[in-house]
Amino acid sequence: MATAMVLLPLGDTLSKLLTETLNPIEITAGRVLAQAAFLLPAAVMLRSRLRGAMFSPIIALSGLLVMITLICLISAFAVMPIATAIAIFFVEPLILTVLAGPLLGEIVGARRLAAVGVGLLGALIVIRPGPGFEIAALLPLIAATSYALNMIVLRRASRTRSGLTVQCGATIYACIGMVVLSFGLQEAGLVALDPGALTASGWVLILGSGFFAAASYVLIAEAFRHAEAGLLAPFQYLEICGATAAGYLVFGDLPDGMTWAGIAVILASGLYVVYRERSRAPASLEPTAHKSRRISPR
């Protein structure tokens, strides 16, 4: 799990580098296609772990939400430091905690709801609405909401499917959706697709981002095969550390004092939710927000 949390920011860093020459739609399309190119052969090798229908309306909905998540997140990478975007994105488990009540019928206690409120306050500290506020700062929040909705979809889909089946199906649907969207936008004159104009280094970045994403999801699936969700959940917050390190080493970006304060609030509230979920649910019934956090591609 720790290795996966190191690899995910590397893929995001490559995606941010691509924003210098490509638009977010092109990057997202390239990333999911490259991800499929690495993930599907891995699924063939691990085919004994495939279970359930890979193609169905609920998995197609997951693919659509994956598209929205990636487009918003990569668009955010184009205009802000990676660490800032990932920090805002990490309100996703908190949003999922709120949505689990009305959409899944789960009981969410007052303490967890209070922690969610504090975490969202942390997001506001990072976003800082007011004079000089840029609407682009909301992109990671939209991505987090889309991802939380995807987790709810996948918790239903995973009742009859293995995690690897869900990953592969959602990735394939996302590939189809991004190809259709890309060509549709090209026909409308909103984007100009020209794969031949991409340099060798650009192809390396696309393939690298897809490889790191695919490797991360396989590692996460393996981690959840061998350990309880409650044990693994805190490790996901290592991604913020990795994103901060990558942002500084590659782009020279470091969060300012207010952003660090917001990150600390988000981390504290998220970890408290993990603690409350572990204390309330028996190990065999722990497929909570954090267990399902990485079922689908991001």
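## Close-up views of a predicted model

**View 1. Arg 31 counts as buried, at 1% relative accessibility.** Welcome to this predicted model. We begin with Arg 31 and its partner, Asp 12, whose side chains meet in a salt bridge with an N to O distance of 3.2 Å. Asp 12 also counts as buried, because its relative accessibility is 1%, and buried means under 20%. A search of the whole structure finds one salt bridge. Arg 31 belongs to helix α2 and Asp 12 to helix α1 (residues 2-18), so the pair ties together parts that are 19 residues apart in sequence.

**View 2. The second largest pocket has a volume of about 460 Å³.** Its lining is made up of 20 residues, and the closest to the pocket centre are Glu 26, Gly 30, Leu 193, Pro 195 and Trp 203. Which elements give two or more residues to this lining? They are α2 (24-45), α8 (163-187) and α9 (200-226). Helix α2 provides the largest share of the lining, with five residues.

**View 3. Cys 168 has its closest cysteine sulfur in Cys 175.** The structure as a whole holds zero disulfides. Is Cys 168 buried or exposed? Cys 168 counts as buried, because its relative accessibility is 0%.

View 4. Helix α11 (residues 238-251) gives three residues to the patch, the largest share. To find Trp 260, look to helix α12 (residues 257-280). How accessible is Trp 260, and what does Trp 260 count as? At 40% relative accessibility, Trp 260 counts as partly exposed, because that class lies between the limits of 20% for buried and 50% for exposed.

Key: Residues are numbered from 1 along each chain as its sequence is written. This is a predicted model: local features need pLDDT of at least 70, side-chain atom pairs count only at pLDDT 80 or more; totals for chains, interfaces and linings use all residues. Side-chain values use heavy atoms; hydrogens and water are left out. Helices (H or I, at least four residues) and strands (E, at least two) are DSSP runs, numbered from the N terminus. Buried means under 20% relative accessible area, exposed over 50%, partly exposed in between (1.4 Å probe, protein chains only). A disulfide is a pair of cysteine sulfur atoms within 2.5 Å. On a 1 Å grid over the protein atoms alone, a cavity is a set of points where a 1.4 Å probe fits but cannot get out, and a pocket is an open set with protein on both sides within 12 Å along at least five of seven lines; lining residues have an atom within 4 Å of a point. Grid points are joined across faces, edges and corners, and a volume is the space filled by probe spheres set on the points. A salt bridge is a side-chain nitrogen of Lys or Arg within 4 Å of a carboxyl oxygen of Asp or Glu.
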